[in-house]
Amino acid sequence: MAKVTVTLYIEEEDKAALQKLANAEDRSLSQMAVLIIKRAIKAAQEQGKLPENPRVK
């Protein structure tokens, strides 16, 4: 699966908290954001809120 660039606008405090979490887990800010997003997608799939292989067209 190809990777794409996504721009997010978040509050400064949220970015700072995300950076602290990333540092605590020895990850980059980007890696931490991707991990959190993947966890949210998996949870939504398990709850039936999202199909297993969502594709945006």
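Which helix is isoleucine 37 found in? Select isoleucine 37 and you land in helix H2. Helices here are DSSP runs (H or I, at least four residues), numbered from the N terminus. Before moving on, know that this is a predicted model, where local features need pLDDT of at least 70, side-chain atom pairs count only at pLDDT 80 or more, and totals for chains, interfaces and linings use all residues. Residues are numbered from 1 along each chain as its sequence is written, and side-chain values use heavy atoms, with hydrogens and water left out.

**Stop 1: a nonpolar patch**

Stay on isoleucine 37, which has a relative accessible area of 45% and is partly exposed. That label sits between buried (under 20% relative accessible area) and exposed (over 50%), worked out with a 1.4 Å probe and protein chains only. Patch residues have over 30% relative accessible area and no salt bridge; nonpolar side chains (Val, Leu, Ile, Met, Phe, Trp, Tyr) are joined within 5 Å, and like charges within 9 Å. The areas come from the Shrake-Rupley method with a 1.4 Å probe.

**Stop 2: a negative patch**

Next, pick Glu11, Glu12, Glu13 and Asp14, which gather in a surface patch of negative charge. In this count, Asp and Glu are negative, Lys and Arg are positive, and His and the chain ends are left out. Each charge is placed at CG of Asp, CD of Glu, NZ of Lys or CZ of Arg. Aspartate 14 belongs to helix H1, residues 12-24, and is partly exposed at 47%.

**Stop 3: the core**

Time to look inside: select Leu18, Ala22, Met32, Ala33 and Leu35, the five residues of the largest nonpolar core. H1 and helix H2 (29-46) are the elements that give two or more residues to this core. H2 gives the most, with three. A nonpolar core is a set of buried Ala, Val, Leu, Ile, Met, Phe, Trp, Tyr and Cys residues joined through side-chain atoms within 4.5 Å.

**Stop 4: the loop and a salt bridge**

Where does aspartate 26 lie? Aspartate 26 is in the loop between H1 and H2, and counts as exposed at 74%. Aspartate 26 isn't a glycine, yet has a positive phi of about 55°.

Finally, show glutamate 25 and arginine 27: they form a salt bridge, their closest N and O atoms 3.2 Å apart. The term needs a side-chain nitrogen of Lys or Arg within 4 Å of a carboxyl oxygen of Asp or Glu. The structure holds one salt bridge. Glutamate 25 is partly exposed at 35%, and arginine 27 is partly exposed at 33%.
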